[in-house]
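Hi,

Here is the structure I promised to pass on. Have a look at it first, and then read my notes below.

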Amino acid sequence: MINKFIRKILGVKKSTGNKNPLVLGPKEHGIDPKLLSNNAIRVTQTLQDAGYKAFVVGGAVRDLLLGVKPKDFDIATNATPEQTKKLFRRAFIIGKRFQIVHVMFGQDLLEVTTFRGTTLADAPKDEHGRVLRDNTFGLQHEDAVRRDFTINAMYYDPATQTVLDYHGGIADIRKKILRIIGVPEERYREDPVRMLRVVRFAARLGFNIDDATSAPIEEMAPLINNVPSARVFDEMLKLLMSGQALACLMQLRKQGLHHGLLPLLDVVLKQPVATKFITLALASTDKRIHEGKPVSPGFLFAALLWHQVLEKWTAYQAAGEYAIPALHLAADAVLEAQTDKLALQRKIGSDMRDIWAMQPRFERRTGKTPYKLLEHLRFRAGYDFLLLRCEAGEIDAEIGRWWTDFAAGDADQREALLAAKPAAGGAKKRPARRGRNRSAASTATAASGDSNE
Ligand code: ATP
Ligand code: MG
């Protein structure tokens with residue numbers, strides 16, 4: 001009753017789901033069928049041939065309507081996971097609580113989800129109202145109401161080329177508005193990660209956030225603290241890899257969502273060099289993503305947390321620790337502080353450590369050291385990181401140029417570079433080195449895996 005009253009006041013649509021969707025044909029929705037992947041068509045067709053309903057759903061439909069080639073295709077069906085699995089040669093049921101099916105064609109993975117039901121009132125929740133488990137299957141209109149935003153709740157049938165729109169998604173796409181389905185407060189309480197998703201989609205798509213969708217976020221932001229850190233990490237990673245990382249972080253700050261999420265946003269953005277460094281790092285990440293180049297999460301987080309490492313590095317040295325062990329201690333402290341909130345995966349943590357540990361080694365431009373560094377598995381990432389530091393004015397640009405020449409040079413050119421005395425210092429803001437610890441300098445573990453190039 002009260003909810004109904006509130007909804008009426010807010011002008012929010014009833015959240016039990018509109019049973020009758022708007023149905024749009026090819027002329028009305030204008031989707032270019034060429035943007036659809038053959039595998040998505042294969043999956044929907046196979047399910048439909050077996051007598052089930054099957055649609056491309058969610059982000060893929062949104063992107064198709066925006067004329068963008070979707071990066072992946074999710075499929076929604078009324079077939080159960082068991083029924084779906086039987087229809088494909090390489091299909092795996094994933095997840096314990098709410099099972100979904102991964103259908104593989106070569107490297108291509110499609111996620112097939114059975115329509116979810118709307119019995120959330122009975123679902124187990126934590127003391128803040130966050131839904132802990134929800135594993136009921138339901139009807140298509142119920143599935144639609146469970147989705148987050150109007151623009152993410154549309155279904156496309158490749159066979160008939162029709163779009164089913166249950167919540168005014170088409171109108172919102174045309175108006176470029178991001179609007180949550182249902183009562184915003186309720187939806188954020190059920191799943192606080194939706195607040196981060198608001199930011200990501202608004203920034204990535206360049207959409208305005210509907211007032212009612214945006215209004216409760218600042219006050220409800222602390223609910224993110226109750227979400228398991230692995231999930232927050234996944235969402236942060238999506239945000240940072242969205243190709244609009246910079247815009248996303250600005251939006252996070254605007255919505256008051258940055259507190260405690262990434263401590264660096266609280267503290268570091270107050271320091272001009274750090275702000276410049278992070279801005280450059282994110283801008284270069286966005287650029288790489290737009291150019292279709294890979295980006296390593298380790299590099300990104302190493303950049304985001306670098307100025308905290310610098311601060312602690314200086315402090316440990318001031319307390320009498322040698323430079324290299326001090327750097328390792330600083331890295332430990334920063335990584336440990338993050339695990340609470342972000343649950344950085346081990347591989348990412350070790351990549352970050354490598355990138356940081358390489359930085360003082362770039363300053364030793366004598367003897368065999370530069371040759372050894374060139375062979376480091378993560379050299380490219382460490383070098384890119386060094387260039388960012390130069391660009392941000394944290395260290396002398398000369399050192400970056402020297403390494404660019406050294407990496408590109410032949411044997412003679414390298415010898416000449418080593419013979420020519422590098423300009424003194426190179427590290428304007430590097431903490432004073434009180435001692436040397438050669439062995440520690442070379443203990444940077446060579447983590448396997450992708451470099452930043
Ligand atoms: P992207 O292009 O970044 O993958 P997406 O919209 O496809 O965007 P996903 O995280 O892949 O985002 O989710 C797929 C779909 O599942 C969404 O479009 C939405 O319909 C639904 N969804 C995902 N997360 C939530 C959530 N937290 N609450 C409600 N619905 C969600
Ligand atoms: Mg998706």
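**What surrounds the ligand, and a few other spots**

Let's start with a contact: a side-chain N or O atom of Arg 204 sits 2.9 Å from an oxygen atom of ligand 1. Keep in mind that this is a predicted model. Lys 238 also places a polar side-chain atom 2.9 Å from an oxygen of ligand 1, and for Arg 147 the corresponding distance is 3.0 Å. On its own, ligand 1 would expose 590 Å², and the protein buries 84% of that.

Which parts of the chain give two or more residues to the shell around ligand 1? They are helix 4 (59-65), helix 9 (193-205) and helix 12 (229-240). Helix 9 supplies the largest share, with 5 residues. The shell has 17 residues in total, and the closest are Asp 191, Arg 194, Arg 200, Arg 204 and Lys 238. Sorted by class, 13 of the shell residues are charged, 3 are polar and 1 is nonpolar. Ligand 1 lies between domain 1 (14-175) and domain 2 (188-257), because both of them give residues to its shell.

Next, strand 5 (residues 100-105). Is this strand buried or exposed? It is mostly covered, with 6 of its 6 residues buried. That goes for both faces: Ile 100, His 102 and Met 104 are buried on one side, and Val 101, Val 103 and Phe 105 on the other.

Strand 5 has antiparallel partners, too. Strand 4 (residues 91-94) is joined to it by 4 bridges, with Ala 91 partnering Val 103. Strand 6 (residues 108-114) is joined to strand 5 by 5 bridges, and there His 102 pairs with Glu 111. The hairpin of strands 4 and 5 has 5 residues between the strands, and Gly 95 in that hairpin has a positive phi near 90°. In the hairpin of strands 5 and 6, with 2 residues between the strands, Gly 106 has a positive phi near 60°.

Finally, two backbone angles to look at. Most residues other than glycine have a negative phi. Gln 161 has a positive one, near 55°, and is found in the loop between strand 7 (154-157) and strand 8 (162-165). Lys 176, also not a glycine, has a positive phi of about 55° and sits in the loop between helix 7 (169-175) and strand 9 (177-178). Gln 161 counts as partly exposed because its relative accessibility is 27%, and Lys 176 is partly exposed at 42%.

Cheers

Definitions and conventions:
Residues are numbered from 1 along each chain as its sequence is written. Chains are lettered from A and ligands numbered from 1 in the order in which they are written. This is a predicted model: local features need pLDDT of at least 70, side-chain atom pairs count only at pLDDT 80 or more; totals for chains, interfaces and linings use all residues. Side-chain values use heavy atoms; hydrogens and water are left out. A residue is near a molecule or strand if one of its heavy atoms lies within 4 Å of it. A polar contact is a pair of N or O atoms within 3.5 Å; within protein, one must be able to donate a hydrogen and the other to accept it, and residues adjacent in sequence count only if both atoms are side-chain atoms. Accessible areas come from the Shrake-Rupley method with a 1.4 Å probe; for residues, only the protein chains shown count as cover. Ala, Val, Leu, Ile, Met, Phe, Trp, Tyr, Cys and Pro count as nonpolar, Asp, Glu, Lys and Arg as charged, and the others, Gly among them, as polar. Domain bounds come from an automatic or database domain assignment. Buried means under 20% relative accessible area, exposed over 50%, partly exposed in between (1.4 Å probe, protein chains only). Two strands pair if DSSP finds at least two bridges between them.
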